[in-house]
Amino acid sequence: MPRGFSLEVRRAYWELLRKSRNRPQEQRAELLHDIWRKSPLKSRTPWREQEFLVVDAETSGLQVKDSELLSLGWVVIRDGRVPLQSARHILIRPEKGVGESATVHQLRDCELEEGMTEAEALLELLQAACGRVLVFHHAPLDMAFLNRACWRSFRLPLLMPVVDTMAIEKRTLEHKHVPLVRNTLRLSTCCSRYGLPPGTVHNALSDALATAQLLLAQVAHKGGDVRLGDLL
Amino acid sequence: MNEETRHNPELNAIREFLTQCIPFDQLSDRELDAILPSLEVTYFRRGHVFKPDDDGGLRIVRSGAAELRTESGQLVDRFGEAVSFNLRGLAQEQPDIRATLIEDSLIYLVPEARYQELRKEHREFDRFFHSQRSRRVRRAARREDASSEMTRGIRDIMSQRLITVSPNQSIQFTAQRMTEHRVSSVLVMEGEALRGIVTDRDLRSRAVAEAIDMSRPIADIMTAAPETLCSDATLFDATLFMTQKGYHHIPVADRNPDAAGESDCCTGKVLGILTSSDLMLARRNDPVHMVQHLGRKRSAAEIKGILSAIPDLLIQWAEAGTRVHQVSHMLTAISDAVTIRLIRLAEEELGPPPAPYCWLGFGSQGREEQLLGGDQDNALVIADSVREQDLEWYRQLSKRVCDGLDECGYIYCPGGIMATTDEWRQPLRNWRETVDRWSRSPTADALMRVSIFFDIRPVYGDEQLGLQLQQHMLQRTRGNSIFLAALAENVLDSPPPLGIFRRFVVEHDGEHRDQLNLKKRAVIPIVDIVRIHALANGLPQVNTFARLKALAESRSMSISDSRNLQDALQVIMQTRLEAQAQQLVAGQRTSNYLNPDELSKLVRKQLRDAFGVVKDAQQTVRLRYRPGL
């Protein structure tokens, strides 16, 4: 997964964005262009000076090919804090039913009927992500779904710098030679390792908040001047 | 940016948490929802220090722990989850206040502006932080830690009562004067000028051992031109000086205003004398010394003076987290010492007792479960050999002791359970008849009046008399189903304090409206329950914890029931101790009342659990003893 991009990748993506702007049916790709332009990511940036958007997605399954996005939740980290004012929770109207996964995230079809379309949800997420670094716990899964949504809307992948709290935790534990067993890297297990309150039910917003708190704790435990590059 | 205030039911967990934080529990759900968006989540490592001039705001500990200290390191408060603090507010009375995290902590921050808005909008909310501030600061002001103890000036420790003789007075006269004033040293003065000092030891080694003529002037054996301590010296200076030089007595003098330079300048007016026992006594915070010194006091008024240190002790113990049964053990040891001292003083006055007797303690003193503010419950059992005409001696003794106890703060028993009541001051054979009467045809009402009699402990005198009476009582009560049923009726009469209003039953009228009487509603029910089990099984223990342990050991009660009741009593008593300490800090009179609203979430939960245990135990009593009726 993206941990910074090579110059070649940047150039190629930029070219893609530039071309898509000229295609009238994809005017909305303007937004992706904006995001890319406003992400002057410097790995030397002190982490407090960088804003983050901590996101969690609930899906109807773990396989991208036969599952759908059901909800998104996020909070912002600004100046090393999480202002709860930034909390946002979005329900997404699925094209198919929720199926078995309702038992995990407690989202029912009737509630989701009131939600927005995946494209609308993505648009709002991208607006919030502008100028910020995305944060997930286990980023590959969430990013796979977001990437597909992005592809559907813009015919383009979502290429953004991403911080993965699970990867950070994995590196830390490996550094300490802690054996990784089942559940070691689960969000709730990671949170309790730092004495953070356990999340309640599976819910995109409360998991996003838990992930944000986990990142704050991880950064605090790194100590010293933590820079953006230390997290990517 | 899409950050407009939005209602997010997904943040329920945080709202839920806030409802468990005082005083946020006073706010409605709607009001809490309005606060949520303004919260900011922060995380800091252990050791992080917050100062008042940081960016302000109310900090709520979500997880972790913190302590408040003054810059000089004096501890003001220590707390954990669900407690909040606003340093700017605290700094108004304690400018150098600091909050230090003692664990890694997740902290919710209500920004200063929003916090001030909340205080304006909600009176209850505002009042809480106002009172919290003054409470914490008062406590800080009142605390004397060990180091400040040693920096006390000696002026208020030394004896200012100067016993003096002049140099030409005789050795014998000096000895008589010392005996008369019960002192172990005198100063030899010529007018205002200090010429020497004479101690008990000088009289022994320089006069008696040398067989000197007792009519010779005292100047012959005194220590001439003794060293003095300056009146502005500290307890530390004095202790160091006296232990280094091996002095037990030293005169204290003013600085001489005429003397030049620092050295040898304490030759001014003699102000007092400091003895090594004064130094010991100055260590007021030591209960052992307190008990020792009680034994030297000559009157109830003097005893009361020593007891004035108890509140400070109690605060210290409570803050140090001393277990409550240790605290009540020490307080009982002190009240025993007071009782014994008063009895000895009365005996000195009345002459030796005409026949052996035993002073008995009942109730909380008997059970060694005293805290502050208890009344006195006592009685006298006299040997059967006593003659009718000698009974007056015991009446006189009881009057002096009970009056003295009352003067010292152990107030008269409202129910008259005192040695001054004729029924509670009898020869052993009469006592036996009284016990027989109580146990043969008991009425619940009569038993309630005398129930504390069954928590009996000899305090002074011929212990055998007390033990014989107790044995007789246990023989009469063990397995006595009629008696036990009558006792059980009283147990069931006091309802468990689980109630409707905030799930606590509080008092509905009088001075303590909306408060919970922990002693009446929680301690006494447990004591009553345990007493009935102990009596039914003929156990000689009186302390409730000891009774519970003995009940479990003798298999008269299941181990888990015994443990549950011990834990419940421990929680309730500990809460009561801490409440009393807080009342003392706030400068209030100690009582057994507390306001359930002021309890922390954790303590509330513990109390509720404890009350649940009491309720179950009452059920057991109902099932086991009531059918006897």
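## Helix pair H17 and H19 of chain B

Axes are lines fitted to C-alpha atoms, taken for helices over the stretch in contact, and angles between N-to-C directions run from 0 to 180 degrees. On that basis, in this predicted model, helix H17 (residues 428-440) of chain B packs against helix H19 (residues 463-477) of chain B at an angle of about 20 degrees. Their axes are 10 Å apart. Angles under 35 degrees count as roughly parallel, so H17(B) is roughly parallel to H19(B). The crossing of H17(B) and H19(B) is right-handed.

The contact residues can be listed by helix. H17(B) contributes B:Leu428, B:Trp431, B:Arg432, B:Val435, B:Asp436 and B:Ser439. They meet B:Leu465, B:Gln468, B:Leu469, B:His472, B:Met473, B:Arg476 and B:Thr477 of H19(B). A general point bears on such lists: an α-helix has 3.6 residues a turn, so residues three or four places apart point the same way.

## The sheet under the helices

Four strands of chain B form an open sheet in the order E18-E17-E16-E19. The pairing is mixed. Strand E18 (425-427) and strand E19 (457-461) of chain B stand at the edges. Each has a single partner strand, so one side of each is left without a neighbour in the sheet. On average, neighbouring strands of this sheet are turned by 30 degrees against each other, direction ignored.

Strand E16 (residues 357-361) of chain B runs antiparallel to E19(B), and four bridges join them. B:Cys358 has B:Gly461 as its bridge partner in E19(B). Both helices pack on the sheet. H17(B) touches strand E17 (378-382) and E18 of chain B, and its direction makes about 110 degrees with that of E18(B). H19(B) touches E16, E17 and E19 of chain B, and its direction makes about 60 degrees with that of E16(B).

## B:Trp359

B:Trp359 lies in strand E16 of chain B. The residue counts as buried because 25 C-beta neighbours lie inside 10 Å, and 20 or more are required. In sequence, B:Trp359 and B:Tyr460 are 101 residues apart. In space they are 5.0 Å apart, C-alpha to C-alpha.

Neighbours within four places in sequence are left aside here. B:Trp359 is then in contact with B:Thr339, B:Ile343, B:Asn378, B:Leu380, B:Val459, B:Tyr460 and B:Gly461.

Strand E9 (residues 164-165) of chain B pairs with strand E10 (residues 185-190) of chain B in the parallel sense, over two bridges. The bridge partner of B:Thr164 in E10(B) is B:Leu187. With helix H7 (residues 171-181) of chain B, E9(B) and E10(B) make a right-handed β-α-β unit.

E10(B) also pairs with strand E11 (residues 193-199) of chain B, in the antiparallel sense and over six bridges. B:Val188 is bridged to B:Gly196 in E11(B). The hairpin of E10(B) and E11(B) has two residues between the strands. In this hairpin B:Gly191 takes a positive phi near 60 degrees.

## Chain A

Chain A has 10 helices and six strands. Of its 232 residues, 39% count as buried. Among contacts in chain A with a separation of 6 or more, 65% join residues 24 or more positions apart.

Helix H7 (residues 165-175) of chain A has four named buried residues: A:Thr165, A:Ala167, A:Ile168 and A:Glu169. Their cover includes strand E5 (133-136), strand E6 (162-164), helix H8 (187-193), helix H9 (204-222) and helix H10 (228-231) of chain A. After H7(A) comes A:His177, with a positive phi near 60 degrees.

## Where the chains meet

At the interface, 26 residues of chain A are in contact with 23 residues of chain B. Strand E3 (82-83), strand E4 (88-91), helix H5 (118-129) and H9 of chain A each supply at least two residues of the side of chain A that touches chain B. H9(A) gives the largest share of that side, seven residues.

A sheet also spans the two chains. This open sheet has five strands in the order E3(A)-E1(B)-E8(B)-E3(B)-E6(B), with antiparallel pairing. E3 of chain A and strand E6 (84-85) of chain B stand at the edges. Each has a single partner strand, so one side of each is left without a neighbour in the sheet. Within the sheet, strand E1 (residues 40-44) of chain B and strand E8 (residues 105-110) of chain B pair in the antiparallel sense over five bridges. B:Phe44 has B:Ser105 as its bridge partner in E8(B).

Note on methods
Residues are numbered from 1 along each chain as its sequence is written. Chains are lettered from A and ligands numbered from 1 in the order in which they are written. This is a predicted model: local features need pLDDT of at least 70, side-chain atom pairs count only at pLDDT 80 or more; totals for chains, interfaces and linings use all residues. A residue is buried if 20 or more other C-beta atoms lie within 10 Å of its own, exposed if 12 or fewer, and partly exposed in between; C-beta atoms are placed from the backbone. Two residues are in contact if their C-beta atoms, placed from the backbone, lie within 7 Å. Two strands pair if DSSP finds at least two bridges between them. A crossover is right-handed if, with the strands pointing away from the viewer, the path from the first strand over the helix to the second runs clockwise. Angles under 35 degrees count as roughly parallel, over 145 as roughly antiparallel, 65 to 115 as roughly perpendicular and the rest as oblique. A crossing is left-handed if the near helix is turned anticlockwise from the far one by less than a right angle, and right-handed if clockwise.
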